[in-house]
Amino acid sequence: MKNRKKFVVVFAGPVGSSKTPIAFHLSYTFNLPIFNTDTIRSEVSEDLLEYDVKEYEKRRDKRLKEVIAKGNSFILDGSIDREWQKYKKWIDRGHYEILVISMDLSKEFISKLFKAKLYQATMHIDKWMNDHETFLGIYENVVDVHITEADFKDRLSLSSEKLNKWINKKQ
């Protein structure tokens, strides 16, 4: 990936919509580091023996700014649905190109994914779905890849192909 413009791959989509498997696939395929927000969430819960959203946001934001300041291409494995304006501002300041992958799945499909992954049912699904729909309603024009239920089983190859074409077009 030398001699290329720096870029970041970001995801829009509810919790449990397969952002992390795609991030790891792209990381492996393109030799890109992953900034994983769930890891920071787990770290905070383990350090404090409870989850503290303010501490999580503090650590996440500090580390994301540090990653951006390093100037290397990377994958942001976490949803941008609620944080897009803030993240976009920081990413733009770092002069990155941005590829947005959107996980456009129904609540019923997300519920099936939860069951398949043995996730506990959560009352937050409606909120996460609403956050994603709101993001798409405002920022549809920034999305480069839409993954739907119809092409979900091909999500890894579709994301790789799109990123490869996108990188080559940007160079």
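User: I'd like to start with strand S1. How many of its residues are buried?

Analyst: Strand S1 is mostly covered, with 6 of its 6 residues buried. Keep in mind that this is a predicted model. Buried here means under 20% relative accessible area.

User: Which way do the side chains of S1 point?

Analyst: The general idea comes first: in a regular strand the side chains alternate between the two faces of the sheet. In this structure, Phe-7, Val-9 and Phe-11 point one way from S1, while Val-8, Val-10 and Ala-12 point the other way. All of these residues are buried.

User: Which strands pair with S1?

Analyst: S1, residues 7–12, pairs with S4 in the parallel sense over 6 bridges. S1 also pairs with strand S3, residues 74–79, again in the parallel sense, over 4 bridges. To find these pairings in the model, look for Ala-12 opposite Ser-102 in S4, and for Phe-11 with its bridge partner Ser-79 in S3.

User: What share of the contacts join residues at least 24 apart?

Analyst: Among contacts between residues at least 6 apart in sequence, 73% join residues at least 24 apart.

User: What makes up the largest nonpolar core?

Analyst: That core has 26 residues, and those with the most contacts inside it are Val-9, Leu-26, Ile-101 and Leu-163. At least two residues of this core come from each of S1, helix H1 (19–30), S4, helix H5 (107–116), helix H6 (125–139), S5 and helix H7 (155–170). Apart from it lies another core, of 23 residues, including Phe-35, Ile-80, Val-100 and Tyr-139.

User: What does Leu-26 touch?

Analyst: Setting aside neighbours within four places in sequence, Leu-26 is in contact with Val-9, Asn-31, Ile-75, Ile-101, Ser-159, Ser-160 and Leu-163.

User: Now the aromatic rings. How many aromatic pairs are there?

Analyst: A pair of aromatic rings is described by the distance of the centres and the angle of the planes. The structure holds 10 aromatic pairs. One of them joins Phe-7 and Trp-166 in an edge-to-face arrangement, 5.6 Å centre to centre with 80° between the planes. This pair links distant parts of the chain, since Phe-7 is in strand S1 and Trp-166 in helix H7, 159 residues apart. Phe-7 counts as buried because its relative accessibility is 3%, and Trp-166 counts as buried at 6%.

Another edge-to-face pair is Phe-109 with Phe-152, at 5.0 Å centre to centre and 70° between the planes. Phe-109 lies in helix H5 and Phe-152 in the loop between S5 and H7, so the pair ties together parts 43 residues apart in sequence. Ring pairs also link Trp-84, Phe-135 and Tyr-139 into a cluster.

User: Which charged end sits over the ring of Phe-152?

Analyst: That is Arg-155, whose charged end is 4.1 Å from the centre of the Phe-152 ring. Phe-152 itself counts as buried, at 8% relative accessibility. Elsewhere, the charged end of Lys-6 sits over the ring of Tyr-96, 4.9 Å from its centre.

Conventions:
Residues numbered from 1 in each chain as written. Heavy atoms only, no water. Pairing = 2+ DSSP bridges. Core = buried A, V, L, I, M, F, W, Y, C linked by side-chain atoms within 4.5 Å. Buried < 20%, exposed > 50% of the residue type's maximum accessible area, 1.4 Å probe, protein only. Contact = heavy atoms within 4.5 Å. Phe/Tyr/Trp six-rings, centres within 6.5 Å; stacked < 30°, edge-to-face > 60°. Lys NZ or Arg CZ within 6 Å of the ring centre and 35° of its normal.
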